[in-house]
Amino acid sequence: MKRANRILTILIFVFLYIPMAVLIVASFNEGKDLTTFEGFTWNQYAELFRDETLLGLLGNSVLIALLSTGISVALGTMAAVGIHSLKPKMRSVVMSLTNIPMTNPDIVTGVSLSLLFVFVGSGLLGQRESLNFWTLLIAHVTFGLPYVILNVMPKLQQMDSSLTDAAMDLGCTPMQAFFKVTLHEIMPGILAGGIMAFTMSLDDFVISYFVTGSGFVTLPVEIYTYTKKPIPPKVYAMFTLLFLLIAVLMVGMNLMQLRAEKKKLDTRPVSKGWQIARRCIAGALVIALVVGCGFLLITNKNDQVVINVYNWGMNIADGTDETLDIIAAFEEQTGIKVNYSTYESNEVLYSKLKNGGISVDVIIPSDYMIDRMIAEDMLEELNFDNIPNFSYVDEQFHNPAYDPENKYSVPYTWGTLGILYNTKYVDEADVTGWELMWNEKYAGKILMIDNSRDAFGIAQYLLGYDVNTMDKSELQACADKLAEQRPLVQQYVMDQIYSTMENEEAYIAAYYAGDCMLMMEENEDLAFYLPEHQGFNLFTDAMCIPKGSQEKAAAEAFINFLCDPEISGANMDYICYASPISAAKEHMEDYLAESEIVYPDPEVQEKGSAYAYLSEETTRLVESLYQRATKTTENADSDDAPKTVPYIIIGVVFVGIAGALLLTGKKRKRKY
């Protein structure tokens, strides 16, 4: 039985640490393909330490982790001492409340904190930007506190209370007794809680995503935008260093606990060297906190002009893949600092701006969302004297339907929404139109776009309705059509589409042409199709300045920079979309400039249509119908047998673990 327990333990640890081993090996791999080791190299680490942007994001994460950990340790220790002094029943109630932030789903905590900060910041205090560095810090302290309390409480319960009484009998004040006796006894718990709070803060994404403003972004939030392209190998190097840092901290903590236990059995006095070392460590932590706060205050007082840009994920060239780093080039040319953050849909952008959670200077929404924002007076009128490069924009993009007077926007990209499919698994005879998304032959291998407007647009094209209809009966028919599709859909996706289609986990998807080009570069078996006879969405994303921008002239300088044909061409090389500036083609790679996917023929373009802003009532109806049609129940399983295999494996593993625990927990008969 002991042997079986050992084998099970080994298997569990192998399961836990194999991903880390793969990550570490990948960080030293000379090639970019994870499946093939092409040779040992340190290049990924060298590139990491040359990447100022990535190191800056890591610095942000470490800074917020150190500050939140320091505050959590101080407050958590005081709270634990206070809770320990309560009567048993009250202590039990308070500890139950302490557990709630840990057991509560992160997404619930993140949304609730976001609502609280927006309510207090925008509603009560009237702040322009209610989500910022300080809200992020408060959020990290909120979920870090319970870990400190729960680690300190057992040490307080194990401590002999007579030690404190004896110290006070010998002349110590209660405060002196705490620092000379109690703090010494509970220090292992404080360190354990601090390390847990630090690690939880360092890798938090979900809560940070909802409470992050536009001026301070952490590494996990930024890494989320890497879903559109393969993760650069230098990121593997960064993750390896972080893993080793946490491992060193955990080993150090365990060694300190072992030393503390041995020390209890050792009657010799504490050496002066160890006392000095402890004071040095404590002083170093205090200095780190002070330096962090000072750095933050200094950077906030910097006189440099700073603009906040809010864009789609991975929707601007950043220097990877041998492309031009657009933001770095703009900063070098103008001296204006850019804080860049991303969103994944027009609706997320609208929600954050409407709620007053963030303050940004440049946004790049799609046509119908610009129409809505103009109607709701959310955009500033542009001063085109500061945007002379607008003259390069093609005439066909002047005075568009969503901005008929051309007061509020400058086009950034344009493209189409079509069907991406895998030619290895999809019969070309089935690729006839939008009905492919409802073909039962490919049940369980279809990805539907997780966007109410685009999903309804696809159903409207298929049923022959006006894509901007506000007729309730037609919208209900579209919802019924989407509900009919639901059992066939593997999942509803946005940026998650990349890995799924590239790795051939799904065969068919509806998505945007530029992103499809990126996926086709990674998998040569993927192809793109536009249902011309039924119609398709022809969209434009444009640059705007939201109401309340404090750096409007600098924001217009940024827009002007992106309208430069050379800059626009270099930018399109990275994001694979069409530029509204024909002259930009001269600066693009030939395969993109000549691609019929990126630049469809004018005759094909005429068969596309743009979304228009629907009324507020219709918008709410569409969203409600979409949720009921696609999200109310789990997707029905397809007949694809391998789909059930993971569930069977997981079930067997859990049954095995449960059986082992039951067997090892069985009481043995005592022998007398």
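**Close-up 1. The residues of helix α20 that are tucked away.** In helix α20, the buried residues are A554, A555, E556, F558, I559, N560, F561 and L562. This is a predicted model, and that goes for every view here. The helix covers residues 552–562, and because 8 of its 11 residues are buried, α20 is largely enclosed by the rest of the structure. Among the buried ones you'll find E556 and N560 as well as F558 and F561.

**Close-up 2. Strand β5, with buried side chains pointing both ways.** Strand β5 takes in residues 446–449. I446 and M448 point one way from the strand, L447 and I449 point the other way, and all of them are buried.

Close-up 3. Look for M448 here: its bridge partner in β6 is Y492.

**Close-up 4. An open sheet of 3 strands, ordered β2-β1-β3.** The pairing in this sheet is parallel. At the edges sit β2 (337–343) and β3 (362–363), each pairing on one side only. Strand β1 (residues 306–312) runs parallel to β3, and 2 bridges join them.

**Close-up 5. Helix α8 and its kink at M187.** Helix α8 runs through residues 174–202. A straight helix of 29 residues would span 42 Å at 1.5 Å a residue, but α8 spans only 35 Å between its end C-alpha atoms. Have a look at M187: a kink of about 55° lies there, shortly before the proline P188.

**Close-up 6. A nonpolar patch on the surface, with Y17 as one of its members.** I12, F13, F15, L16 and Y17 make up the patch, and together they have about 550 Å² of accessible area. Y17 is found in helix α1, which covers residues 2–27. Is Y17 buried or partly exposed? Its relative accessibility is 43%, so Y17 counts as partly exposed; that label covers the range between under 20% (buried) and over 50% (exposed).

Methods
Residues are numbered from 1 along each chain as its sequence is written. This is a predicted model: local features need pLDDT of at least 70, side-chain atom pairs count only at pLDDT 80 or more; totals for chains, interfaces and linings use all residues. Side-chain values use heavy atoms; hydrogens and water are left out. Patches are made of residues with over 30% relative accessible area and no salt bridge: like charges are joined within 9 Å, nonpolar side chains (Val, Leu, Ile, Met, Phe, Trp, Tyr) within 5 Å. Accessible areas come from the Shrake-Rupley method with a 1.4 Å probe; for residues, only the protein chains shown count as cover. A salt bridge is a side-chain nitrogen of Lys or Arg within 4 Å of a carboxyl oxygen of Asp or Glu. Helices (H or I, at least four residues) and strands (E, at least two) are DSSP runs, numbered from the N terminus. Buried means under 20% relative accessible area, exposed over 50%, partly exposed in between (1.4 Å probe, protein chains only). The expected span of a helix is 1.5 Å times one less than its number of residues. The bend at a residue is the angle between axes fitted to the seven residues ending there and the seven starting there. Two strands pair if DSSP finds at least two bridges between them.
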